[in-house]
Amino acid sequence: MKTLIVLQPEDDWITESWLRDQTETRVVSPGEYLSESIEGLPRSIRVCNLCRSYRYQSTGYYVSLLAEARGHRAYPDVLTIGDISLSRSVRMVPPSLEAIIEKALSPLTSDEFVLSVYFGENLAKRYQRLARAIQSQFNAPLIRCCFKRRKRWRIQSVSAISIADVPENHREFVAEVARQHLGRGSVSRPSYRPPRYDLAILQNPDEGDLAPSCPKALRQFVRVAEDESVRAELITAADAGRLFEFDALLIRETTSVNHHTYRMARRAEAAGMVVIDDPTSILRCSNKVYLAELLSRAKIPAPPTMILQRGDEQFERQLPELPCVIKRPDSAFSQGVAKAENESQLRLLLENYFEDSELLIAQPFLPTDFDWRIGLIDGEPLFACKYHMARGHWQIAKHSADSKTPRFGKCETMPVESAPKKCVALAKKASELIGRGFYGVDIKQSGDQFYVIEVNDNPNLDAGVEDKVLGREVYRRIIRTLIRRIENSRRLEP
């Protein structure tokens with residue numbers, strides 16, 4: 001059994017219509033679940049809480065609260081119940097959701113609109129994207145969302161509704177989407193061996209060449225996971241509402257703190273899921289000011305670094321040595337990083353970059369033909385690459401205004417044992433400052449000296465590039481790390 005539905009006995013009309021062919025789903029009353037009169041429930045079970053109220057200290061509230069205490073995956077969880085009960089959570093929707101709301105509702109002539117979201121779906125196809133976005137923000141099975149337009153459309157209120165609140169003419173649709181939700185990923189073959197765990201792989205198809213993993217590499221993750229008896233599914237931000245269906249989250253989308261990747265990592269970790277990379281790693285790696293301070297305090301060799309502050313008079317008296325490289329704290333893929341050859345270029349560059357950040361990084365320009373990238377998982381080296389600079393450019397990626405696709409330099413992947421020992425040892429030491437996730441440490445070599453440029457969470461792993469030496473073994477080691485962490489977390493459960 002994978003799912004337990006908890007609902008009032010008077011709402012048992014769903015039993016026949018929802019549970020058709022659902023051999024791994026069972027229905028119980030709130031009293032049965034709260035009294036622990038049910039025996040033999042696995043810890044990994046999902047508890048779909050369909051009680052009539054989730055208000056504080058109600059039966060529905062305690063079903064989700066005790067589900068989390070028992071190691072079950074509650075849907076909705078207590079965090080969601082709290083978010084929905086607080087009016088300020090409606091005012092704190094991210095800009096990305098505001099844009100989806102405006103696009104979906106701007107054609108309407110009225111100034112008020114009510115949207116019913118059932119397991120992330122709505123009856124009207126034109127509101128499907130909006131429904132899934134609402135589900136991602138307010139992760140409950142049945143949601144009613146009221147919108148009001150003044151200058152722009154805004155969420156006025158959100159409520160988690162009960163089965164009893166579903167209109168009669170919506171029930172057939174709700175039954176269908178519930179069956180899809182409950183049966184997602186089920187296999188009916190008698191010889192089928194159920195997977196040990198469920199893994200969500202977060203990706204963004206719109207990232208194109210800038211994605212951390214190409215489509216072929218993502219397929220390798222799924223296939224290798226299957227070999228290890230793990231059911232892996234590629235998901236996007238639109239599937240955030242389904243996050244708690246899984247045991248672990250592997251992020252293969254470019255991460256940022258002010259971004260859904262960080263929010264999903266936080267939410268998954270708070271629910272006790274295994275996450276690579278975890279929100280702490282994202283937070284630490286995403287800001288180069290933090291990294292510069294961290295490397296300096298640990299006395300790890302790095303290029304001389306100045307942290308520049310907007311309006312700092314001391315900086316005005318002592319400009320960085322030229323030529324120098326100026327970096328925004330959250331720069332990535334060679335974007336937000338620029339070189340200044342002279343003082344006029346430097347001042348123009350700083351004026352531009354200080355518009356977005358109070359602090360910037362300045363380092364002397366160290367010309368090299370390539371950067372080392374050492375990939376590590378759980379503190380152990382996984383691959384070693386030489387990323388060569390793009391032709392005619394000083395960075396590994398050259399971005400141009402007339403093209404959305406950057407031009408990259410060539411990459412040489414070699415066995416870790418063939419890389420300089422000092423380089424690999426330095427990468428291990430730097431990565432330990434961040435954590436035990438999946439990192440890529442960028443290092444510059446000057447003669448026999450090595451300097452850490454940065455530590456990246458969620459580093460590139462593309463088919464035919466970083467996996468060129470180890471092949472499927474690269475993916476297998478990452479999957480096995482996830483499995484090991486899931487099993488360790490289960491052993492620690494009371």
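This report describes a predicted model of one protein chain, from its overall make-up to selected elements and residues.

## Overall make-up

The chain has 494 residues, of which 51% are buried. Its secondary structure comprises 16 helices and 22 strands.

Of the contacts between residues at least 6 apart in sequence, 67% link residues at least 24 apart.

## A four-stranded parallel sheet

Four strands form an open sheet in the order E2-E1-E3-E4, and their pairing is parallel. Strand E2 (25-28) and strand E4 (73-75) are the edge strands, each pairing on one side only. From one strand to the next, the twist averages 20 degrees.

Strand E1 (residues 3-6) pairs with E2 in the parallel sense, over 4 bridges. Within this pair, Thr3 stands opposite Thr25 in E2. Helix H3 (residues 59-69) lies across E1, strand E3 (46-49) and E4, and runs at about 170 degrees to E3.

## Helix H8

Helix H8 spans residues 171-183, which makes 13 residues. From the first C-alpha to the last, H8 reaches 18 Å, close to the 18 Å expected at 1.5 Å a residue.

The buried residues of H8 are Val174, Ala175, Val177, Ala178, Arg179, His181, Leu182 and Gly183. As background, an α-helix has 3.6 residues a turn, so residues three or four places apart point the same way.

## His388 in strand E17

His388 is located in strand E17, which covers residues 380-388. Its relative accessibility is 15%; because buried means under 20%, His388 counts as buried. The side chain of His388 is joined to that of Glu412 by a polar contact of 2.5 Å.

## Leu283 in helix H11

Leu283 belongs to helix H11 (residues 279-285). With a relative accessibility of 42%, Leu283 falls between the 20% and 50% cut-offs, and therefore counts as partly exposed.

Leaving aside residues up to four places away in sequence, Leu283 touches Val257 and Tyr262. Leu283 and Ile434 are 151 residues apart in sequence, while their C-alpha atoms are 9.6 Å apart in space.

Terms used: Residues are numbered from 1 along each chain as its sequence is written. This is a predicted model: local features need pLDDT of at least 70, side-chain atom pairs count only at pLDDT 80 or more; totals for chains, interfaces and linings use all residues. Side-chain values use heavy atoms; hydrogens and water are left out. Two strands pair if DSSP finds at least two bridges between them. Helices (H or I, at least four residues) and strands (E, at least two) are DSSP runs, numbered from the N terminus. Axes are lines fitted to C-alpha atoms, for helices over the stretch in contact, and angles run from 0 to 180 degrees between N-to-C directions. Contact means heavy atoms within 4.5 Å. Buried means under 20% relative accessible area, exposed over 50%, partly exposed in between (1.4 Å probe, protein chains only). A polar contact is a pair of N or O atoms within 3.5 Å; within protein, one must be able to donate a hydrogen and the other to accept it, and residues adjacent in sequence count only if both atoms are side-chain atoms. The expected span of a helix is 1.5 Å times one less than its number of residues.
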